[in-house]
Amino acid sequence: MGPTAHGDIAVVGHHDLTLGSLRLVESALRARLTQGPERARVTVRAAAGTAPASGRAARASGCPLAVVIPTSIGVPALPPPQDRPAAGELLTLADQVRLLDYDPTDRDSCVGADERLVAAGSLLLAVWDGSPSDGRDATAHLVTYARARGIPVEVLWPEGATRDRTPRARTVPVRSRF
């Protein structure tokens with residue numbers, strides 16, 4: 001099944017994948033993105049986890065990459081510390097940067113941004129282990145959201161992929177701007 005002809009492929013997925021799993025995901029995404037006669041644009045939100053693996057896979061497969069970054073009243077917002085290396089890498093890989101008004105330090109705001117990303121696409125690739133939303137991860141919610149809107153969903157979960165369920169320290173919200 002190839003990407004839809006004239007739409008973006010939104011990619012969402014878990015943020016807590018192990019390093020080895022990120023390599024598996026990148027390889028699976030690269031293989032998936034090379035299917036079909038056309039290269040659709042891949043769209044991700046700048047964050048750690050699945051997003052940078054998706055960006056590398058898009059670049060390697062020849063698909064253009066659009067990266068969504070947060071803004072507040074039109075001014076780019078500084079990502080939380082744990083997302084900064086991923087955001088930097090994604091910006092270097094991006095063919096296009098899209099500004100979207102959301103607070104990158106607020107989970108509900110990030111989920112809302114992901115919903116807008118999914119709604120704007122014509123296909124959702126979800127890097128998802130099938131687990132329900134747990135208050136930290138909204139991948140299950142985004143799959144349900146896409147399906148409820150008639151957006152085709154493909155779930156990618158490579159054999160051997162695992163998540164790092166170690167609790168992470170809470171970070172202090174960062175309100176600085178780029």
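**Exercise 1.** Classify Cys110 and Cys63 of this predicted model as buried or exposed, and determine how many disulfides the structure contains.

*Solution.* Step 1: Cys110 has a relative accessible area of 11%. The cut-off for buried is under 20%, so Cys110 is buried. Step 2: Cys63 is also buried, because its relative accessibility is 4% and the same cut-off applies. Step 3: A disulfide requires a pair of cysteine sulfur atoms within 2.5 Å. A search of the whole structure for such pairs returns zero disulfides.

**Exercise 2.** Locate Asp16 in the chain, classify its burial and state which side chain it contacts.

*Solution.* Step 1: Asp16 is found in the loop that connects β1 (9-13) to α1 (19-33). Step 2: The relative accessibility of Asp16 is 4%, so this residue counts as buried. Step 3: The side chain of Asp16 makes a polar contact of 2.7 Å with the side chain of Arg163.

**Exercise 3.** Describe the surroundings of strand β6 (residues 123-127) and the strands with which β6 pairs.

*Solution.* Step 1: Five of the five residues of β6 are buried. Leu123, Leu125 and Val127 lie on one side, Leu124 and Ala126 on the other, and both faces are covered. Step 2: β6 pairs with β1 in the parallel sense over five bridges; Val127 is the bridge partner of Gly13. Step 3: β6 also runs parallel to β7 (residues 153-156), with four bridges joining the two strands. Here Leu124 has Val153 as its bridge partner. Step 4: From β6 the chain passes through helix α5 (residues 139-148) to β7, and this β-α-β crossover is right-handed.

Technical notes: Residues are numbered from 1 along each chain as its sequence is written. This is a predicted model: local features need pLDDT of at least 70, side-chain atom pairs count only at pLDDT 80 or more; totals for chains, interfaces and linings use all residues. Side-chain values use heavy atoms; hydrogens and water are left out. Buried means under 20% relative accessible area, exposed over 50%, partly exposed in between (1.4 Å probe, protein chains only). A polar contact is a pair of N or O atoms within 3.5 Å; within protein, one must be able to donate a hydrogen and the other to accept it, and residues adjacent in sequence count only if both atoms are side-chain atoms. Two strands pair if DSSP finds at least two bridges between them. A crossover is right-handed if, with the strands pointing away from the viewer, the path from the first strand over the helix to the second runs clockwise.
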